[in-house]
Amino acid sequence: MAGISGLPVVDHHCHLSPSGEAARAAGRFREAGGTHLFLATQNYEGKVPTDLDAYRRQFETTERLARDVREASGVVVYVVVAPYPIDLVRAAETLGTGAALDLHRRALDLAGAWVQERRAVALGEVGWPHFPVAPELGAASREAFRHALEVARDVGCPAVVHSPDLDAAGWRELDGEARRAGVPRHRVLKHYTRARLDPALGVDIVPSYLARREVVGEVLAEPGPWFLETDFLDDPARPGAVLDLATVPRRAAAIARRSPADAERLAVPFVRSVEEVYGVRPEVDGR
Ligand SMILES: [Zn+2]
């Protein structure tokens, strides 16, 4: 078995689908040395939810996938749920912006309830579109995001943000928004971060880095918290759209072969950041 003795190996953001590889992909993750997955929900029915029941079904599917993965591979799965930010844009086409925003807020409240019931560990993905939208929809998206931050604050959980790539001004703006909403430090995470977050910016947002070799090399010495992720989509129609689910354990194993000192640094994304941000300690069972 590849991997690093004693350390868990954590992919901080992936998706699985009942119509994709699902537990088989998790099996590959395990084979490569992976131990813990943060599994974010996604639309499974080929269309955007237009009522709260559709979100309930969607979250339940994510929960079922998590259970299947645990049973099939022994990988520990943390569930992350929220209405996807782009859903608001699509739902507005049929419901109108006002009703779509109202549904989105209620779906965020539902996600918050799941966290309170310990069926999920965080809200995600929340945020705003990564492409230009009409001003009315842009404003509605920002309002929905503010509501997401309030829910995260009220239930006391992290919020995993979907957004365009951020420049220095963008990081500061997001940081300011998190502060204004009263979300504690290190509880807002930027998923799909593709370039090193400059510590000199002094923001309290936690980067979840796409596990590409160059980025990992650049951030390995950072004190954290920070995470590694693949954003694996498990979509047969889009193979290679993002990194494969085996990437994080393979990257970790390559680092361990190259340098034991660097391998120790992986305790930052795989243990200490999980503890600091999520308040849980990822354990490994006697491997
Ligand atoms: Zn994602």
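This is a predicted model: local features need pLDDT of at least 70, side-chain atom pairs count only at pLDDT 80 or more; totals for chains, interfaces and linings use all residues.
Take helix α3 (residues 85-95) and helix α4 (residues 97-116). Their axes come within 7 Å and cross at roughly 140 degrees, and α3 and α4 are therefore oblique to each other. As for handedness, this crossing is right-handed. On the α3 side, the residues that touch are P85, D87, L88, A91, A92 and L95, and they meet T97, A99, A100, L101, L103 and H104 of α4. Sort the residues in the contact of α3 with α4 by class and you get 9 nonpolar, 2 polar and 1 charged.

Helix α4 has another partner to look at. Helix α2 (residues 52-73) packs against α4 at an angle of about 35 degrees, and the two axes are 10 Å apart. Here too the crossing is right-handed. From α2, the contact draws on L52, Y55, R56, F59, E60 and E63, while α4 supplies L103, H104, R106, A107, L110, A111 and W114. The class tally for α2 with α4 comes to 8 nonpolar, 1 polar and 4 charged residues.

Now follow α2 to its contact with helix α1 (residues 23-31). The axes of α1 and α2 come within 9 Å and cross at roughly 45 degrees, so this pair is oblique as well. The way α1 passes α2 is, once again, right-handed. A23, A26, G27 and R30 make the contact from α1, and D68, V69, A72 and S73 make it from α2. Those residues split into 4 nonpolar, 2 polar and 2 charged.

Next comes the metal site. Which protein atoms are the donors of the zinc ion? They are NE2 of H13, NE2 of H15, an OE atom of E125 and an OD atom of D231, lying 2.1 to 2.4 Å from the zinc. Along the chain, the donors follow the spacing H-x1-H-x109-E-x105-D. What about the geometry? For four tetrahedral donors, the ideal angle at a metal is 109.5 degrees. The 4 donor atoms here subtend angles of 85 to 171 degrees, which makes the arrangement irregular.

The zinc donor E125 sits in strand β4 (residues 122-127), and the peptide bond joining G124 to E125 is cis, with omega at about -5 degrees. The donor D231 is found in the loop between β8 and α8 (247-258). Its phi is near 55 degrees, a positive value in a residue that isn't glycine.

The peptide bond from G224 to P225 is cis, with omega near 5 degrees. To locate P225, look in the loop between α7 (213-219) and β8 (227-229).

Methods: Residues are numbered from 1 along each chain as its sequence is written. Side-chain values use heavy atoms; hydrogens and water are left out. Axes are lines fitted to C-alpha atoms, for helices over the stretch in contact, and angles run from 0 to 180 degrees between N-to-C directions. Helices (H or I, at least four residues) and strands (E, at least two) are DSSP runs, numbered from the N terminus. Angles under 35 degrees count as roughly parallel, over 145 as roughly antiparallel, 65 to 115 as roughly perpendicular and the rest as oblique. A crossing is left-handed if the near helix is turned anticlockwise from the far one by less than a right angle, and right-handed if clockwise. Contact means heavy atoms within 4.5 Å. Ala, Val, Leu, Ile, Met, Phe, Trp, Tyr, Cys and Pro count as nonpolar, Asp, Glu, Lys and Arg as charged, and the others, Gly among them, as polar. Donors are N, O and S atoms within 2.8 Å of the metal (3.2 Å for Na, K and Ca); water is not among the atoms, so sites may look incomplete. Four donors count as tetrahedral if all angles lie between 85 and 135 degrees; four count as square planar and six as octahedral if opposite donors are over 155 degrees apart and all others between 65 and 115; anything else is irregular.
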